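My notes follow the model.

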Amino acid sequence: MNALNVAEYMQTLGLQARRAAARMASSDAASRNRALRALARLLREQVEPLQAGNARDLERAASAGLSAPMMDRLRLTPEVLETVAQGCEQLAAMPDIVGEISGLRQQPSGIRVGQMRVPIGVFGMIFESRPNVTIEAASLSIKSGNACILRGGSEAIDSNKALAALVRQALAQAGLPADAVQLVQTTDREAVGQLIAMPQFVDVVIPRGGKGLIERISRDAKVPVIKHLDGNCHTYVDDPCDLAMAVTVADNAKTQKYSPCNATEGLLVARAIAAAFLPLIGAVYAGKGVEMRCDAEAAALLAGVPGARVVAATEQDWFEEYLAPIISVKVVADVGEAIAHINHYSSHHTDAIVTRDHMHAQRFLREVDSASVMVNASTRFADGFEYGLGAEIGISTDKFHARGPVGIEGLTSLKWVVLGQGEVRS
(Lines give C-alpha, C1' and ligand atoms only; values in the text may rest on other atoms or scores of the structure.)
Protein backbone atom coordinates (compact mmCIF):
# COMPACT_ATOMS: atom_id res chain seq x y z
CA MET A 1 0.00 0.00 0.00
CA ASN A 2 1.60 3.29 -1.08
CA ALA A 3 1.46 6.49 0.96
CA LEU A 4 -1.46 7.92 -1.01
CA ASN A 5 -3.47 4.73 -0.55
CA VAL A 6 -2.66 4.63 3.16
CA ALA A 7 -3.92 8.19 3.55
CA GLU A 8 -7.15 7.36 1.67
CA TYR A 9 -7.60 4.18 3.69
CA MET A 10 -7.19 5.98 7.01
CA GLN A 11 -9.58 8.75 5.92
CA THR A 12 -12.15 6.03 5.14
CA LEU A 13 -11.68 4.45 8.56
CA GLY A 14 -12.03 7.87 10.17
CA LEU A 15 -15.25 8.68 8.32
CA GLN A 16 -16.73 5.27 9.18
CA ALA A 17 -15.72 5.70 12.83
CA ARG A 18 -17.33 9.15 13.06
CA ARG A 19 -20.59 7.80 11.64
CA ALA A 20 -20.51 4.80 13.97
CA ALA A 21 -19.78 7.06 16.96
CA ALA A 22 -23.04 8.94 16.39
CA ARG A 23 -24.97 5.66 16.49
CA MET A 24 -23.07 4.40 19.54
CA ALA A 25 -23.75 7.63 21.43
CA SER A 26 -27.49 7.17 20.89
CA SER A 27 -27.49 3.41 21.58
CA ASP A 28 -29.07 1.98 24.70
CA ALA A 29 -27.09 0.35 27.49
CA ALA A 30 -28.83 -3.01 26.98
CA SER A 31 -27.54 -3.28 23.39
CA ARG A 32 -23.99 -2.39 24.43
CA ASN A 33 -24.09 -4.95 27.23
CA ARG A 34 -25.43 -7.61 24.83
CA ALA A 35 -22.44 -6.95 22.57
CA LEU A 36 -20.03 -7.37 25.49
CA ARG A 37 -21.60 -10.65 26.61
CA ALA A 38 -21.59 -11.92 23.01
CA LEU A 39 -17.89 -11.02 22.75
CA ALA A 40 -17.11 -12.92 25.96
CA ARG A 41 -18.90 -15.97 24.59
CA LEU A 42 -17.07 -15.79 21.24
CA LEU A 43 -13.69 -15.48 22.94
CA ARG A 44 -14.33 -18.70 24.86
CA GLU A 45 -15.68 -20.51 21.81
CA GLN A 46 -12.79 -19.51 19.54
CA VAL A 47 -9.74 -20.24 21.73
CA GLU A 48 -8.16 -22.69 19.26
CA PRO A 49 -8.55 -20.52 16.12
CA LEU A 50 -7.29 -17.50 18.05
CA GLN A 51 -4.24 -19.42 19.24
CA ALA A 52 -3.56 -20.58 15.68
CA GLY A 53 -3.27 -16.95 14.54
CA ASN A 54 -1.22 -16.12 17.61
CA ALA A 55 1.16 -19.01 16.82
CA ARG A 56 1.97 -17.44 13.45
CA ASP A 57 2.79 -14.16 15.17
CA LEU A 58 4.96 -15.93 17.76
CA GLU A 59 6.84 -17.83 15.05
CA ARG A 60 7.62 -14.62 13.16
CA ALA A 61 8.61 -12.86 16.37
CA ALA A 62 10.98 -15.65 17.38
CA SER A 63 12.60 -15.60 13.93
CA ALA A 64 13.02 -11.83 14.24
CA GLY A 65 14.78 -12.24 17.60
CA LEU A 66 12.12 -10.54 19.74
CA SER A 67 13.19 -10.40 23.41
CA ALA A 68 11.73 -12.77 26.00
CA PRO A 69 9.64 -10.06 27.76
CA MET A 70 8.20 -8.96 24.41
CA MET A 71 7.42 -12.58 23.46
CA ASP A 72 5.65 -12.92 26.80
CA ARG A 73 3.50 -9.87 26.02
CA LEU A 74 2.63 -11.31 22.61
CA ARG A 75 1.42 -14.71 23.82
CA LEU A 76 -2.35 -15.39 23.83
CA THR A 77 -2.75 -18.18 26.36
CA PRO A 78 -6.15 -19.63 27.35
CA GLU A 79 -5.67 -17.82 30.66
CA VAL A 80 -5.19 -14.45 28.90
CA LEU A 81 -8.29 -15.04 26.76
CA GLU A 82 -10.34 -16.03 29.82
CA THR A 83 -9.20 -12.87 31.61
CA VAL A 84 -10.33 -10.58 28.79
CA ALA A 85 -13.61 -12.53 28.46
CA GLN A 86 -14.22 -11.99 32.18
CA GLY A 87 -13.38 -8.31 31.66
CA CYS A 88 -16.13 -8.06 29.04
CA GLU A 89 -18.62 -9.65 31.43
CA GLN A 90 -17.52 -7.43 34.28
CA LEU A 91 -18.07 -4.37 32.10
CA ALA A 92 -21.50 -5.63 31.01
CA ALA A 93 -22.51 -6.01 34.66
CA MET A 94 -21.40 -2.50 35.60
CA PRO A 95 -23.88 0.39 35.76
CA ASP A 96 -24.20 2.56 32.67
CA ILE A 97 -22.71 6.00 33.29
CA VAL A 98 -23.45 7.51 29.86
CA GLY A 99 -26.11 10.18 30.20
CA GLU A 100 -25.79 10.50 33.97
CA ILE A 101 -26.40 14.03 35.27
CA SER A 102 -24.47 14.99 38.38
CA GLY A 103 -24.16 18.04 40.62
CA LEU A 104 -27.53 19.50 39.65
CA ARG A 105 -27.93 22.76 41.60
CA GLN A 106 -30.67 25.37 41.65
CA GLN A 107 -29.44 28.90 40.92
CA PRO A 108 -31.00 32.18 42.16
CA SER A 109 -32.35 32.78 38.64
CA GLY A 110 -34.42 29.59 38.85
CA ILE A 111 -32.37 27.53 36.40
CA ARG A 112 -30.85 24.21 37.49
CA VAL A 113 -27.27 23.59 36.36
CA GLY A 114 -25.45 20.25 36.30
CA GLN A 115 -23.10 18.10 34.22
CA MET A 116 -23.92 15.18 31.96
CA ARG A 117 -21.45 12.37 31.22
CA VAL A 118 -21.16 11.73 27.48
CA PRO A 119 -18.91 9.63 25.20
CA ILE A 120 -15.73 11.27 23.90
CA GLY A 121 -16.65 10.21 20.36
CA VAL A 122 -13.81 8.52 18.48
CA PHE A 123 -10.51 7.51 19.99
CA GLY A 124 -7.47 6.10 18.28
CA MET A 125 -5.48 3.42 20.07
CA ILE A 126 -1.89 2.65 19.08
CA PHE A 127 -0.28 -0.25 20.89
CA GLU A 128 2.53 -2.79 20.65
CA SER A 129 2.84 -6.51 21.29
CA ARG A 130 -0.08 -7.28 23.60
CA PRO A 131 -2.97 -8.53 21.40
CA ASN A 132 -5.28 -8.71 24.44
CA VAL A 133 -5.29 -4.89 24.30
CA THR A 134 -7.51 -5.24 21.20
CA ILE A 135 -10.26 -6.70 23.37
CA GLU A 136 -9.66 -4.38 26.33
CA ALA A 137 -9.87 -1.31 24.09
CA ALA A 138 -12.86 -2.60 22.13
CA SER A 139 -14.84 -3.59 25.22
CA LEU A 140 -14.27 -0.26 26.94
CA SER A 141 -15.17 1.58 23.76
CA ILE A 142 -18.43 -0.35 23.47
CA LYS A 143 -19.40 0.13 27.13
CA SER A 144 -18.69 3.88 27.01
CA GLY A 145 -20.64 4.42 23.79
CA ASN A 146 -17.64 5.42 21.69
CA ALA A 147 -16.13 4.31 18.40
CA CYS A 148 -12.45 3.46 18.08
CA ILE A 149 -9.74 2.84 15.53
CA LEU A 150 -7.13 0.35 16.74
CA ARG A 151 -3.61 0.07 15.38
CA GLY A 152 -1.63 -2.81 16.89
CA GLY A 153 1.99 -3.69 16.31
CA SER A 154 3.04 -5.55 13.17
CA GLU A 155 4.32 -8.40 15.37
CA ALA A 156 0.71 -9.18 16.45
CA ILE A 157 -1.13 -8.58 13.17
CA ASP A 158 -2.65 -12.07 12.78
CA SER A 159 -3.76 -12.20 16.43
CA ASN A 160 -5.28 -8.72 16.25
CA LYS A 161 -7.15 -9.43 13.01
CA ALA A 162 -8.70 -12.57 14.51
CA LEU A 163 -9.72 -10.75 17.70
CA ALA A 164 -11.11 -7.72 15.86
CA ALA A 165 -13.23 -9.98 13.67
CA LEU A 166 -14.88 -11.38 16.80
CA VAL A 167 -15.57 -7.86 18.08
CA ARG A 168 -17.29 -6.88 14.85
CA GLN A 169 -19.32 -10.09 14.96
CA ALA A 170 -20.44 -9.35 18.53
CA LEU A 171 -21.42 -5.77 17.62
CA ALA A 172 -23.49 -6.97 14.67
CA GLN A 173 -25.22 -9.60 16.83
CA ALA A 174 -26.27 -6.84 19.23
CA GLY A 175 -27.61 -4.61 16.45
CA LEU A 176 -24.78 -2.09 16.77
CA PRO A 177 -22.56 -0.78 13.93
CA ALA A 178 -19.63 -3.09 13.25
CA ASP A 179 -17.56 -0.02 12.34
CA ALA A 180 -17.69 1.08 15.98
CA VAL A 181 -14.47 -0.91 16.37
CA GLN A 182 -12.07 -0.91 13.42
CA LEU A 183 -8.61 -2.43 13.27
CA VAL A 184 -6.05 -0.87 10.94
CA GLN A 185 -5.33 -3.81 8.64
CA THR A 186 -2.02 -2.54 7.27
CA THR A 187 1.33 -2.66 9.06
CA ASP A 188 2.56 0.37 7.11
CA ARG A 189 3.86 2.89 9.67
CA GLU A 190 2.37 5.75 7.69
CA ALA A 191 -1.00 4.63 9.07
CA VAL A 192 0.07 5.83 12.53
CA GLY A 193 1.09 9.22 11.17
CA GLN A 194 -2.32 9.57 9.53
CA LEU A 195 -4.28 8.40 12.58
CA ILE A 196 -2.74 10.97 14.92
CA ALA A 197 -3.32 13.81 12.45
CA MET A 198 -7.07 13.49 11.77
CA PRO A 199 -8.77 15.85 14.26
CA GLN A 200 -11.84 15.92 12.04
CA PHE A 201 -12.37 12.23 12.79
CA VAL A 202 -10.37 11.38 15.95
CA ASP A 203 -11.01 13.12 19.29
CA VAL A 204 -8.17 11.62 21.34
CA VAL A 205 -5.25 9.24 20.80
CA ILE A 206 -4.07 6.72 23.37
CA PRO A 207 -0.61 5.22 22.74
CA ARG A 208 0.34 2.12 24.71
CA GLY A 209 3.83 0.77 24.20
CA GLY A 210 7.49 1.62 24.49
CA LYS A 211 8.82 5.03 25.44
CA GLY A 212 9.99 5.76 21.89
CA LEU A 213 6.54 5.15 20.43
CA ILE A 214 4.81 7.35 23.01
CA GLU A 215 7.35 10.17 22.67
CA ARG A 216 6.91 10.16 18.89
CA ILE A 217 3.12 10.27 19.11
CA SER A 218 3.13 12.98 21.78
CA ARG A 219 5.44 15.07 19.58
CA ASP A 220 3.62 14.63 16.26
CA ALA A 221 -0.06 14.28 17.18
CA LYS A 222 -2.56 16.94 16.11
CA VAL A 223 -5.16 15.59 18.54
CA PRO A 224 -4.98 15.29 22.36
CA VAL A 225 -2.96 12.36 23.74
CA ILE A 226 -3.57 10.32 26.92
CA LYS A 227 -0.23 8.78 27.81
CA HIS A 228 2.39 7.47 30.16
CA LEU A 229 5.99 7.24 28.99
CA ASP A 230 7.31 4.56 31.33
CA GLY A 231 6.68 2.75 34.60
CA ASN A 232 9.50 3.36 37.07
CA CYS A 233 7.52 2.16 40.11
CA HIS A 234 8.80 1.97 43.70
CA THR A 235 8.15 -0.01 46.85
CA TYR A 236 9.25 1.68 50.07
CA VAL A 237 9.71 -0.50 53.18
CA ASP A 238 9.12 1.73 56.18
CA ASP A 239 10.07 1.58 59.85
CA PRO A 240 8.02 0.15 61.50
CA CYS A 241 6.67 -2.61 59.25
CA ASP A 242 5.68 -6.26 59.28
CA LEU A 243 8.85 -7.87 57.90
CA ALA A 244 7.08 -10.94 56.53
CA MET A 245 4.53 -8.74 54.75
CA ALA A 246 7.29 -6.50 53.39
CA VAL A 247 9.15 -9.48 51.91
CA THR A 248 5.95 -10.87 50.34
CA VAL A 249 4.94 -7.51 48.85
CA ALA A 250 8.42 -6.59 47.58
CA ASP A 251 8.82 -10.05 46.05
CA ASN A 252 5.45 -9.98 44.26
CA ALA A 253 5.86 -6.38 43.11
CA LYS A 254 9.12 -7.25 41.35
CA THR A 255 8.94 -10.92 40.34
CA GLN A 256 5.28 -11.85 39.76
CA LYS A 257 5.87 -10.65 36.20
CA TYR A 258 8.83 -8.62 34.95
CA SER A 259 7.39 -7.12 31.75
CA PRO A 260 4.42 -4.97 32.91
CA CYS A 261 4.72 -1.25 33.52
CA ASN A 262 3.43 -1.68 37.10
CA ALA A 263 6.26 -3.98 38.22
CA THR A 264 8.43 -2.40 40.92
CA GLU A 265 11.79 -1.21 39.58
CA GLY A 266 13.09 0.56 42.71
CA LEU A 267 13.19 -0.72 46.29
CA LEU A 268 13.67 1.84 49.06
CA VAL A 269 14.29 0.71 52.64
CA ALA A 270 14.24 2.75 55.85
CA ARG A 271 17.64 2.71 57.56
CA ALA A 272 16.30 1.50 60.92
CA ILE A 273 14.85 -1.67 59.33
CA ALA A 274 17.39 -2.25 56.54
CA ALA A 275 19.70 -4.65 58.42
CA ALA A 276 16.75 -6.92 59.24
CA PHE A 277 14.91 -6.64 55.92
CA LEU A 278 17.52 -6.56 53.16
CA PRO A 279 19.09 -10.00 53.81
CA LEU A 280 15.58 -11.53 53.74
CA ILE A 281 14.51 -9.97 50.43
CA GLY A 282 18.03 -10.41 49.08
CA ALA A 283 17.76 -14.17 49.57
CA VAL A 284 14.42 -14.23 47.74
CA TYR A 285 15.77 -12.19 44.83
CA ALA A 286 18.95 -14.29 44.71
CA GLY A 287 16.86 -17.43 44.42
CA LYS A 288 15.02 -15.96 41.45
CA GLY A 289 18.08 -14.55 39.70
CA VAL A 290 17.19 -10.88 40.25
CA GLU A 291 20.14 -8.52 39.96
CA MET A 292 20.22 -5.82 42.66
CA ARG A 293 21.77 -2.47 41.74
CA CYS A 294 22.52 -0.94 45.10
CA ASP A 295 23.83 2.15 46.84
CA ALA A 296 26.85 1.51 49.10
CA GLU A 297 24.79 1.03 52.25
CA ALA A 298 22.43 -1.53 50.71
CA ALA A 299 25.32 -3.34 49.01
CA ALA A 300 27.11 -3.79 52.36
CA LEU A 301 24.00 -5.31 53.95
CA LEU A 302 23.49 -7.69 51.01
CA ALA A 303 27.12 -8.74 50.67
CA GLY A 304 26.73 -11.89 52.77
CA VAL A 305 23.61 -13.23 51.03
CA PRO A 306 24.50 -16.49 49.20
CA GLY A 307 24.12 -16.17 45.44
CA ALA A 308 23.10 -12.51 45.55
CA ARG A 309 23.90 -10.58 42.39
CA VAL A 310 24.85 -7.17 43.80
CA VAL A 311 26.02 -4.37 41.48
CA ALA A 312 26.88 -0.77 42.34
CA ALA A 313 24.05 1.52 41.20
CA THR A 314 24.67 4.48 38.92
CA GLU A 315 22.64 7.68 38.95
CA GLN A 316 20.76 6.43 35.86
CA ASP A 317 19.63 3.31 37.73
CA TRP A 318 17.34 5.38 39.95
CA PHE A 319 15.48 6.54 36.80
CA GLU A 320 15.43 3.17 35.02
CA GLU A 321 12.44 1.06 33.94
CA TYR A 322 14.10 -2.35 33.57
CA LEU A 323 11.21 -4.64 32.55
CA ALA A 324 13.64 -7.40 33.51
CA PRO A 325 14.91 -9.28 36.60
CA ILE A 326 16.81 -6.21 37.80
CA ILE A 327 15.90 -3.86 40.66
CA SER A 328 17.55 -0.77 42.12
CA VAL A 329 17.94 -0.82 45.92
CA LYS A 330 18.59 2.17 48.17
CA VAL A 331 18.63 2.75 51.92
CA VAL A 332 16.91 6.00 52.94
CA ALA A 333 16.67 7.77 56.28
CA ASP A 334 12.89 7.76 56.62
CA VAL A 335 9.56 8.25 54.89
CA GLY A 336 10.41 11.86 54.04
CA GLU A 337 13.55 10.90 52.13
CA ALA A 338 11.64 8.07 50.42
CA ILE A 339 8.97 10.50 49.21
CA ALA A 340 11.60 12.95 47.96
CA HIS A 341 13.44 10.18 46.09
CA ILE A 342 10.23 8.91 44.47
CA ASN A 343 9.02 12.33 43.41
CA HIS A 344 12.41 13.09 41.84
CA TYR A 345 13.19 9.80 40.10
CA SER A 346 9.88 8.02 39.48
CA SER A 347 7.73 8.21 36.36
CA HIS A 348 4.70 9.09 38.53
CA HIS A 349 3.00 5.80 37.65
CA THR A 350 2.62 3.67 40.81
CA ASP A 351 4.42 3.73 44.16
CA ALA A 352 3.78 1.79 47.37
CA ILE A 353 4.67 1.93 51.07
CA VAL A 354 4.78 -1.04 53.43
CA THR A 355 4.28 0.26 56.96
CA ARG A 356 2.60 -0.17 60.34
CA ASP A 357 2.55 3.58 60.99
CA HIS A 358 -0.78 5.16 60.06
CA MET A 359 0.65 8.69 59.96
CA HIS A 360 3.48 7.60 57.65
CA ALA A 361 0.94 5.91 55.38
CA GLN A 362 -1.24 9.02 55.24
CA ARG A 363 1.75 11.25 54.51
CA PHE A 364 2.89 8.91 51.71
CA LEU A 365 -0.61 8.93 50.17
CA ARG A 366 -0.80 12.73 50.28
CA GLU A 367 2.69 13.64 49.16
CA VAL A 368 3.74 11.05 46.56
CA ASP A 369 2.92 12.61 43.19
CA SER A 370 1.90 9.51 41.26
CA ALA A 371 -1.19 8.26 39.45
CA SER A 372 -1.57 5.33 41.88
CA VAL A 373 -0.29 5.36 45.47
CA MET A 374 -0.59 2.24 47.62
CA VAL A 375 -0.30 1.18 51.25
CA ASN A 376 0.69 -2.40 52.11
CA ALA A 377 -0.05 -3.74 48.62
CA SER A 378 1.92 -4.78 45.55
CA THR A 379 2.35 -2.25 42.75
CA ARG A 380 1.22 -5.02 40.40
CA PHE A 381 -2.37 -4.17 41.37
CA ALA A 382 -2.21 -0.94 39.33
CA ASP A 383 -4.41 -2.31 36.60
CA GLY A 384 -7.91 -1.57 35.36
CA PHE A 385 -9.17 -5.13 35.85
CA GLU A 386 -7.83 -5.26 39.41
CA TYR A 387 -9.33 -1.83 40.16
CA GLY A 388 -12.77 -3.09 39.16
CA LEU A 389 -12.91 -1.06 35.95
CA GLY A 390 -13.62 -4.19 33.88
CA ALA A 391 -10.56 -3.46 31.76
CA GLU A 392 -8.29 -0.54 31.04
CA ILE A 393 -7.47 1.34 27.90
CA GLY A 394 -4.07 2.21 29.37
CA ILE A 395 -2.57 4.06 32.29
CA SER A 396 -2.24 7.82 32.27
CA THR A 397 0.41 9.73 34.18
CA ASP A 398 -0.98 13.03 32.89
CA LYS A 399 -2.80 15.24 35.39
CA PHE A 400 -5.79 16.28 33.32
CA HIS A 401 -9.02 14.45 32.44
CA ALA A 402 -7.87 10.89 33.20
CA ARG A 403 -5.14 9.74 35.62
CA GLY A 404 -4.06 6.20 36.47
CA PRO A 405 -5.82 3.21 34.87
CA VAL A 406 -8.23 4.60 32.28
CA GLY A 407 -11.60 2.85 32.24
CA ILE A 408 -15.11 3.89 31.23
CA GLU A 409 -15.02 7.31 32.92
CA GLY A 410 -11.71 8.12 31.23
CA LEU A 411 -13.38 7.57 27.84
CA THR A 412 -16.17 10.01 28.59
CA SER A 413 -16.30 13.73 29.19
CA LEU A 414 -18.69 16.07 30.95
CA LYS A 415 -20.86 18.72 29.36
CA TRP A 416 -22.87 21.34 31.19
CA VAL A 417 -26.64 21.02 31.08
CA VAL A 418 -29.12 23.70 32.11
CA LEU A 419 -32.74 22.91 32.99
CA GLY A 420 -35.21 25.75 33.07
CA GLN A 421 -38.91 26.62 33.00
CA GLY A 422 -38.81 29.63 30.73
CA GLU A 423 -36.31 31.70 32.72
CA VAL A 424 -34.68 34.62 30.91
CA ARG A 425 -31.68 36.67 31.97
CA SER A 426 -32.41 40.18 33.19
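These entries go from the overall picture to the sheets, then to one helix pair.

**Overall.** I kept in mind throughout that this is a predicted model. Along the principal axes, the C-alpha atoms fill a box of roughly 70 × 65 × 40 Å.

**The sheet of 4 strands.** I traced the order as E5-E4-E3-E6, an open sheet with parallel pairing. Strand E5 (181–183) and strand E6 (204–208) each have a single partner strand, so one side of each is left without a neighbour in the sheet. From one strand to the next, the twist averages 20°. I then looked at how strand E3 (residues 122–127) meets E6: they run parallel and are joined by 5 bridges. Phe127 stands opposite Arg208 in E6. Helix H7 (residues 157–173) touches E3 and E5, and its direction makes about 160° with that of E5. Helix H9 (residues 211–220) touches E3 and E6, with about 160° between its direction and that of E6.

**The sheet of 7 strands.** Here I read the order E10-E9-E11-E8-E7-E12-E13, again an open sheet, and the pairing is parallel. Which strands sit at the edges? I found strand E10 (309–312) and strand E13 (372–375), each pairing on one side only. Neighbouring strands are turned by 20° against each other on average, direction ignored. For strand E7 (residues 233–237) and strand E12 (residues 350–354) I noted 4 bridges in the parallel sense. Val237 is set opposite Val354 in E12. Helix H11 (residues 271–287) lies across E7, strand E8 (264–270), strand E9 (291–294) and strand E11 (326–332), at about 145° to E8. Helix H14 (residues 358–367) lies across E7, E12 and E13, and runs at about 175° to E13.

**H13 against H14.** I finished with this pair. Helix H13 (residues 335–345) packs on H14 at an angle of about 20°, with the axes 10 Å apart. That angle makes H13 roughly parallel to H14, the cut-off being under 35 degrees. The crossing of H13 and H14 is right-handed. From H13, the contact takes in Val335, Gly336, Ile339, Ile342 and Asn343; from H14, His360, Arg363, Phe364 and Glu367. I sorted these contact residues into 4 nonpolar, 3 polar and 2 charged.

Terms used. Residues are numbered from 1 along each chain as its sequence is written. This is a predicted model: local features need pLDDT of at least 70, side-chain atom pairs count only at pLDDT 80 or more; totals for chains, interfaces and linings use all residues. Side-chain values use heavy atoms; hydrogens and water are left out. Two strands pair if DSSP finds at least two bridges between them. Helices (H or I, at least four residues) and strands (E, at least two) are DSSP runs, numbered from the N terminus. Axes are lines fitted to C-alpha atoms, for helices over the stretch in contact, and angles run from 0 to 180 degrees between N-to-C directions. Contact means heavy atoms within 4.5 Å. Angles under 35 degrees count as roughly parallel, over 145 as roughly antiparallel, 65 to 115 as roughly perpendicular and the rest as oblique. A crossing is left-handed if the near helix is turned anticlockwise from the far one by less than a right angle, and right-handed if clockwise. Ala, Val, Leu, Ile, Met, Phe, Trp, Tyr, Cys and Pro count as nonpolar, Asp, Glu, Lys and Arg as charged, and the others, Gly among them, as polar.
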